Amino acid sequence: HRDAVSQWERTIGQAVRYCVGVVTYSSQTSQTPRRPFEKDRLDRELKLCGEYGLRCKREVWRVLVNLRAMRKRARLLLTLPDDNLRKQLEGASLMRYCMRLGLLDESKNKLDYVLAMRVNDLLDRRLQSLVFKLGLAKSIHHARCLIRQRHIRVCGQIVTSPSFMVRIESEKRIELSPTSPLAGGKPGRVRRKKQAAAMKGGGDGGDDEDED
């Protein structure tokens, strides 16, 4: 009886939220591994964090969720016949998505290549990795600092997320922001403070000389 009442209450609550326009969606962005103390996996994740300058292993798990979703979709479409309308439409959409992000090139326009993608393929398309490859940063960790401190813009817009996935057509438009001190903009807080201290020290020294 209690289970029936609780189910009825949940159903009524969902109906009320839908009627008033309060619809909640829950999406899983990362998934913890089933075996948390597997040595080989721990070593691989630690190596990826150091190679790509990731903040924590949760960023690796977030990429794995996206990769597994694409693989699952590709496996499902491969089970359908070639003349199936769903396979033609969703397969073409998935391949366009992978090519737009630079995960696959035109010579790999097949669903089989989606199953062969690795985590490194997605991590290479992050804004942090591309900023370092383009020579805008001294290291992969410096690239993360530049992005978080609003020094980098993509297609004319400042991006503050190091995990931003860059498209092929947007890769050529990654540059320093004109307002950044690194691009000749207004000096930063530390430099302004040093300049003010230097001017103040120079002014005091001049007064002392005049008094002497």
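Contact here means heavy atoms within 4.5 Å. By that criterion, what covers the buried residues of α4 includes α3 (57–78) and α5 (111–115), where helices are DSSP runs (H or I, at least four residues) numbered from the N terminus. This is a predicted model, in which local features need pLDDT of at least 70 and side-chain atom pairs count only at pLDDT 80 or more, while totals for chains, interfaces and linings use all residues. Residues are numbered from 1 along each chain as its sequence is written, and side-chain values use heavy atoms, with hydrogens and water left out.

Helix α4 has 16 residues, and from first to last C-alpha it reaches 22 Å, close to the 22 Å expected at 1.5 Å a residue (1.5 Å times one less than the number of residues). Its residues are classed as buried under 20% relative accessible area and exposed over 50%, with partly exposed in between (1.4 Å probe, protein chains only).

| Class in α4 | Residues |
|---|---|
| Buried (under 20%) | Lys-87, Gly-91, Leu-94, Met-95, Cys-98 |
| Exposed (over 50%), on the face turned away from the buried side | Leu-85, Leu-89 |

Seen down the axis of α4, the buried residues fall within an arc of 100°, so they line one face of the helix; the arc is that of the directions from the helix axis to the C-beta atoms. At the N-terminal end, Asn-84 caps α4 through a side-chain oxygen 2.8 Å from the backbone nitrogen of Arg-86. Just after α4, Gly-102 takes a positive phi of about 80°.

Definitions and conventions
Helix = DSSP H or I, 4+ residues; strand = E, 2+ residues; numbered from the N terminus. Polar contact = N/O pair within 3.5 Å; in protein donor to acceptor, adjacent residues only side chain to side chain.
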